[in-house]
Amino acid sequence: MLENKIALVTGAGRGIGRAIALTLAGYGADVAVNYCGSEAKAQETADEIQALGRRAIIVKADVSVPEDCERMFKEVTDQLGAPDILVNNAGITRDNLALRMSAEDFDRVIDTNLKGTFFCMKLAAKQMLRRRSGRIISISSIVGLHGNAGQINYSAAKAGVIGMTKSLAKELASRGITVNAVAPGYVDTDMTAVLNDAQKEAILTQIPLGKIGSPQDIAEAVAFLASDRASYITGQVISVDGGMGI
Ligand code: NAP
């Protein structure tokens, strides 16, 4: 499905990003595994991709730093080739109620989740425009669609990712480049491991399919959007949330 494609996945050493990187490789893509702090985990992801018979490199970059993103795209292009598929997955939380939210925590989440996605979108689009093809897929969240108490910064960033996705889709559609987002619900990763059992139980009652999502659930939607099967889909947000957002 993705043979001869080159993918760059941000934050691919662990969690949802790791599942996306492995799944894209499983469908035939060569993958650049971006990480910020988790070098050993990124290397493990790359080793598993190579074991699947695909090419893989790891590339360190803090997506909130534009110069890091520029260097990352150069390294990927030099070592693997220009990405056909960009997956903006890197993300963080700094939760607090609005009245207690510091400007620093607000900015940190915006810088990583929103601006980091913008920096990578821009660099990918520049290369894809020349080739008149490409796929840009960003991981938003159910929280970007519906809001969540305690996540005013995160919901702003994730709603912003949806706005950027729709705008960029309109800018790039005539050049054969599609731009879409996936909005996960509640997925079992380090990000959600901080919730206590009572909080997890409360969330479960809001999921019609009655179970927590897995990173693989998200990765399959991303792989579909990255494939030729999704060539007539752009500017869309696909919710993968067990019905939580219905
Ligand atoms: P996670 O397990 O906490 O992993 C976060 C990933 O983001 C790590 O690979 C981390 O890399 C990377 N990252 C963080 N800051 C970065 C930076 N400045 N530059 C580059 N990479 C950075 O989280 P996850 O649950 O897999 O989340 C992945 C994405 O899905 C995020 O965008 C998140 O908002 C979204 N999402 C998650 C859920 C959920 O329920 N888990 C729901 C909706 C949306 P290092 O470890 O190398 O620093």
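Hi everyone. Let me start with a term: helices here are DSSP runs of H or I with at least four residues, and strands are runs of E with at least two, numbered from the N terminus. An axis is a line fitted to C-alpha atoms, for helices over the stretch in contact, and angles run from 0 to 180 degrees between N-to-C directions.

This is a predicted model, where local features need pLDDT of at least 70, side-chain atom pairs count only at pLDDT 80 or more, and totals for chains, interfaces and linings use all residues. Residues are numbered from 1 along each chain as its sequence is written, and side-chain values use heavy atoms, leaving out hydrogens and water.

So, how do H3 and H4 meet? The axes of helix H3 (residues 66–79) and helix H4 (residues 103–131) come within 9 Å and cross at roughly 35°. On the H3 side, the contact (heavy atoms within 4.5 Å) includes Pro-66, Met-72 and Phe-73, and on the H4 side Phe-119, Leu-123 and Ala-124 are among the residues.

A ligand oxygen lies 2.9 Å from a polar backbone atom of Gly-11. For Cys-36, the distance from a ligand oxygen to a polar backbone atom is 2.8 Å, and for Val-187 it is 2.7 Å.

Technical notes:
A polar contact is a pair of N or O atoms within 3.5 Å; within protein, one must be able to donate a hydrogen and the other to accept it, and residues adjacent in sequence count only if both atoms are side-chain atoms.
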